[in-house]
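This briefing sets out how the chains of a predicted model are built and how they meet. Please keep the sequence and the structure in view while reading the points that follow.

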Amino acid sequence: MVTTLVVSRLSPGRVGAVINRNVGALRSGPSYWVVLLSGFFEPLLYLLSIGVGVGALIGELTVDGRTMSYASFVAPAMLAVSAMSGALAETTFNFFFKLKYMKTFEAVLATPVRPVEVAVGELVWAIVRGSLYTAIFLVVMVAMGLTEAGWAVAAFPATVLVGLAFGGLGMAVSTLMRGWQDFDLLSTGQFALFLFSGTFSPVRDYPVGVEVLIQVTPLYHAVELVRGLCMGVPGWGLLGHALYLAVLAAVGVWFASRRLERTLCA
Amino acid sequence: MALTRSVHPTFAVLERHLTLYRRLWQASVFSSFVMPVLFLLSIGIGVGGYVGSVQGVDYLSWIVPGVLASTAFQIAVGESTYAVLGDFKWVRAYHAMRATPVNVADMVRGHLLYLVFRVTVTVLAFLVVVVFFGGLHSPWAPATVLVCALVTVAVAAPVTAFAATIDQDSYFALLFRLIVLPAALFSGVFFPVEQLVVGFRLLAYASPLWHAVELCRAATLGRAPAWPVWAHAGYLLVWAVVGVVLAVRAFRGRLED
Amino acid sequence: MADQPLIVARGLVKRFGDFTAVDGIDLEVAPGEAFGFLGPNGAGKSSTMRMIGCVSVPTAGELRILGMDAVRDGPRIRARLGVCPQLDNLDPDLTVRENLVTYARYFGLSRAESRRRADELLEFVQLSDRANGKVEPLSGGMKRRLTIARAMVNEPDLVLLDEPTTGLDPQARHLLWERLFRLKQRGATLVLTTHYMDEAEQLCDRLVVMDGGRIVAEGSPRSLIETYSTAEVVELRFPDGLEGVAGHAAALAGVGKRVDPLPDRVLVYVDDGDAALAEVQRRGLEPSSVLVRRSTLEDVFLHLTGRTLVD
């Protein structure tokens with residue numbers, strides 16, 4: 001997620017070029033596992049800084065008649081964001097890289113594997129990796145008293161759904177990318193979602209027009225779903241959010257595999 | 001043939017970076033300027049509504065100088081990683097310079113001057129925006145430009161030295177996650193470091209970003225910083241000088257033999 | 001300083017840890033000369049070039065370039081050198097023209113002068129129509145030409161070319177040679193390394209053959225051939241193929257100055273090919289194919305550095 005904050009300042013073109021010339025460096029690098037594990041620290045650091053640090057300046061917060069600590073308001077949002085960025089990182093940057101430079105897919109498609117299977121395969125890897133992070137994060141939340149163990153278990157599948165939704169979206173977007181320069185737009189968009197999807201303050205505070213706009217975007221639904229479960233307030237509304245995410249995942253995968261079929265098998 | 005030199009090699013190196021920058025300035029303006037503004041809106045105003053006031057000022061005014069210094073910090077680090085390693089490893093631009101009268105100190109100085117330029121442009125644009133938010137409260141506010149230039153050199157120089165030493169870009173992911181991000185989040189940008197438990201507070205004091213945040217905050221709010229100004233500035237200067245020495249040494253080590 | 005040598009090396013040594021890359025060489029290069037370092041990979045050619053380019057400090061010995069000390073006066077010497085490195089290091093994010101202008105500025109040329117030089121050199125290397133294009137899409141030969149143009153941007157007294165045509169296709173090589181030849185005609189002093197014999201014969205007035213960090217032979221291409229080879233070489237193949245070579249070589253003893261059995265044929269180094277063939281027939285040998293050719297630098301090279309692969 002903060003890859004958004006930090007990495008967005010790098011020029012993706014250059015980074016892309018670097019990676020392009022350094023195939024497999026991440027995997028062969030001495031620090032691969034450390035890099036993989038350190039991904040978990042990002043949402044945790046944000047939780048500690050904004051949730052706990054700024055939370056101390058705020059104290060309690062009342063949303064929809066329920067009063068809670070600011071940290072417990074922010075924590076589920078960080079969880080959702082973490083699921084989002086894990087899935088997006090794997091399906092945009094890495095996916096695009098493989099699509100464009102490594103010819104991985106062309107090699108795979110020379111076998112009886114169909115494009116849709118390639119797309120789903122990519123997505124599954126993204127989810128497995130992302131779920132590792134969210135599971136640890138949920139444990140931390142329980143330990144910090146920001147949610148209850150039972151609800152944490154309920155929230156876990158929700159985070160998997162969030163990952164699926166953004167993974168599908170990410171793949172669909174990747175197939176439309178013209179070049180690394182488009183990643184600037186993507187990361188800016190991702191950053192805006194991160195800041196305004198009810199993550200740090202309730203969307204109710206925004207002007208009505210902005211609020212409606214936010215409610216159309218996916219991270220809002222992800223945050224609402226995960227927060228509802230972590231807070232232990234299930235309701236029919238959560239089903240609506242879940243449905244939105246499920247549709248997004250399905251449409252994303254369908255669109256991506258169609259585009260793949262067209263570009264690779266043409 | 002006796003060449004009459006009409007440009008110092010340091011500036012010739014700066015010129016190369018600026019020529020490259022001309023190609024990507026739109027993208028970089030977007031990320032280095034639009035993003036901090038979005039940040040101000042979300043955290044400064046959105047979250048600020050719940051915070052009320054900190055140390056006697058509204059939350060937006062309190063984090064403006066923090067976001068400012070943090071932006072400089074992140075541009076400095078971000079542009080001293082892949083770009084530097086790439087110019088050694090793939091582009092070999094420094095090897096090309098090495099074959100000319102440009103020496104390693106010129107390369108390091110040219111790179112740092114370029115970053116100071118980048119940061120200054122961003123900081124000025126940001127200050128103009130913040131004026132409209134009513135986030136500046138002192139005629140000293142323009143001094144933040146100097147502070148940001150100083151912190152830029154203070155962090156860019158050692159990171160440049162690091163980038164010139166390593167051979168694998170995966171180290172940068174570690175740098176960002178384990179050092180840069182914690183520094184950006186716990187150096188008094190979003191909440192006073194006094195809230196941190198003692199051990200972490202000492203780490204915050206060690207971070208150059210905290211000193212830059214203190215100086216910027218003093219400038220935009222018109223109040224004395226935590227330590228005397230010379231102490232904060234001196235600390236940053238030490239980082240800058242040591243960093244430049246390390247960077248020159250790293251460049252020399254990489255380019256010779 | 002017209003006739004003073006541009007490069008003087010005495011007992012020049014370069015060591016990397018335990019490995020001795022250059023093992024005490026002496027050489028002189030005169031103004032206007034095209035001087036070549038010839039040798040297999042790892043012979044020490046590039047290490048020597050890097051010391052001459054003042055980017056690598058000699059471990060021992062004396063090295064004077066343009067009358068100055070290579071270690072002490074590095075920047076002043078580099079200001080008057082043009083270097084075309086083995087690995088292209090053009091700036092891929094800059095245009096073709098910007099690459100030259102940026103590089104010219106490193107030498108302190110004014111902006112106007114840099115632009116003038118850039119256009120002139122693009123003309124010279126036939127890249128004017130690509131001036132505003134990116135470097136990335138250029139072919140290998142075009143990139144090499146651009147690198148050579150870049151090396152000329154400061155009107156150098158001495159041009160160093162490290163394997164200028166390695167990896168290029170035949171057309172690109174010939175075009176490049178032609179440009180380098182014109183450069184030489186303009187009076188430039190060229191120092192180049194190569195492991196292509198034809199390149200050395202085409203371009204060099206004088207060359208040294210290096211092997212294992214030492215100079216094993218020195219002279220003009222012609223004189224090297226005269227000294228280390230014979231005027232002609234007879235290549236003989238036999239119908240029994242691979243097995244018989246050793247026996248045939250023995251049977252050929254004394255026909256020429258030297259007999260070199262290869263896995264698939266036998267080379268006989270002789271002064272007169274026709275006379276040698278007559279002798280072969282007289283001895284009752286029946287080769288399946290016969291080729292008489294002039295001796296080349298390749299024969300000298302293989303004779304001096306051996307046939308074992310040194311990769």
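Two residues are in contact if their C-beta atoms, placed from the backbone, lie within 7 Å. In this predicted model, no contact joins chain A and chain C, and their closest C-alpha atoms lie 9 Å apart. Of the two pairs of chains in contact, chains A and B share the most contacts.

**Chain B: overall build**

- Chain B contains 10 helices and two strands.
- Read from the N terminus, the elements of chain B follow the order α-β-β-α-α-α-α-α-α-α-α-α.
- Chain B has a radius of gyration of 19 Å, close to the 18 Å that the globule rule gives for 257 residues, so chain B is as compact as a globular protein of that length.
- Taken along the principal axes, the box filled by the C-alpha atoms of chain B is roughly 65 × 40 × 35 Å.
- Buried residues make up 57% of the 257 residues of chain B.
- Among contacts in chain B with a separation of 6 or more, 81% come from residues 24 or more positions apart.

**Nonpolar cores**

- The largest nonpolar core has 237 residues, and those with the most contacts inside it are A:A80, A:V162, A:V226, B:A69 and B:V151.
- Helix 6 of chain A, residues 70-102, gives the most to this core, with 18 residues.
- Not counting residues up to four places away in sequence, A:V226 touches A:P76, A:L79, A:A80, A:A155, A:A158, A:T159 and A:V162.
- A second, separate core has 13 residues, including C:L252, C:V259, C:L267 and C:V280.

**Chain C: domains**

- The domain assignment divides chain C into domain 1, residues 7-220, and domain 2, residues 230-294.
- The centres of domain 1 and domain 2 of chain C, taken over C-alpha atoms, are 41 Å apart.

**Chain C: the open antiparallel sheet**

- Four strands of chain C form an open sheet in the order 2-1-4-5, with antiparallel pairing.
- Strand 2 (19-29) and strand 5 (68-69) of chain C stand at the edges with a single partner strand each, so one side of each is left without a neighbour in the sheet.
- Strand 1 (residues 7-16) and strand 4 (residues 60-65) of chain C run antiparallel and are joined by five bridges.
- Opposite C:V8 stands C:R64, in strand 4 of chain C.

**Chain C: pairing around strand 9**

- Strand 9 (residues 206-211) of chain C pairs with strand 3 (residues 34-38) of chain C in the parallel sense, over four bridges.
- Within strand 9 of chain C, C:V208 is the residue opposite C:F37.
- Strand 9 of chain C also runs antiparallel to strand 10 (residues 214-219) of chain C, with five bridges joining the two.
- C:E218 in strand 10 of chain C is the bridge partner of C:V208.
- Two residues lie between strand 9 and strand 10 of chain C in the hairpin that these strands form, and C:G212 in the turn has a positive phi of about 55°.

**Where chain C meets chain B**

- The contact takes 26 residues from chain C and 27 residues from chain B.
- On the side of chain C that touches chain B, the elements giving two or more residues are helix 2 (74-78) and helix 3 (96-106) of chain C.
- Helix 3 of chain C gives the most to that side, with four residues.
- By class, the side of chain C that touches chain B has 13 nonpolar, seven polar and six charged residues.

**Helix 3 of chain C and C:T102**

- Helix 3 of chain C is mostly covered, with 11 of its 11 residues buried.
- The buried residues of this helix include C:R97, C:E98 and C:R105 as well as C:V96, C:L100 and C:V101.
- C:T102 is found in helix 3 of chain C.
- C:T102 counts as buried because it has 26 C-beta neighbours inside 10 Å, and the cut-off is 20 or more.
- Leaving aside neighbours within four places in sequence, C:T102 is in contact with B:E15, B:R16 and B:T19 of chain B, and with C:D91 and C:L94 of chain C.
- C:T102 and C:T20 are 82 residues apart in sequence and 36 Å apart in space, C-alpha to C-alpha.
- Helix 3 of chain C is followed by C:G108, which has a positive phi near 85°.

Definitions and conventions. Residues are numbered from 1 along each chain as its sequence is written. Chains are lettered from A and ligands numbered from 1 in the order in which they are written. This is a predicted model: local features need pLDDT of at least 70, side-chain atom pairs count only at pLDDT 80 or more; totals for chains, interfaces and linings use all residues. Two strands pair if DSSP finds at least two bridges between them. The radius of gyration is taken over C-alpha atoms; the globule rule is 2.2 Å times the number of residues to the power 0.38. A residue is buried if 20 or more other C-beta atoms lie within 10 Å of its own, exposed if 12 or fewer, and partly exposed in between; C-beta atoms are placed from the backbone. Domain bounds come from an automatic or database domain assignment. A nonpolar core is a set of buried Ala, Val, Leu, Ile, Met, Phe, Trp, Tyr and Cys residues joined through C-beta atoms within 7 Å. Ala, Val, Leu, Ile, Met, Phe, Trp, Tyr, Cys and Pro count as nonpolar, Asp, Glu, Lys and Arg as charged, and the others, Gly among them, as polar.
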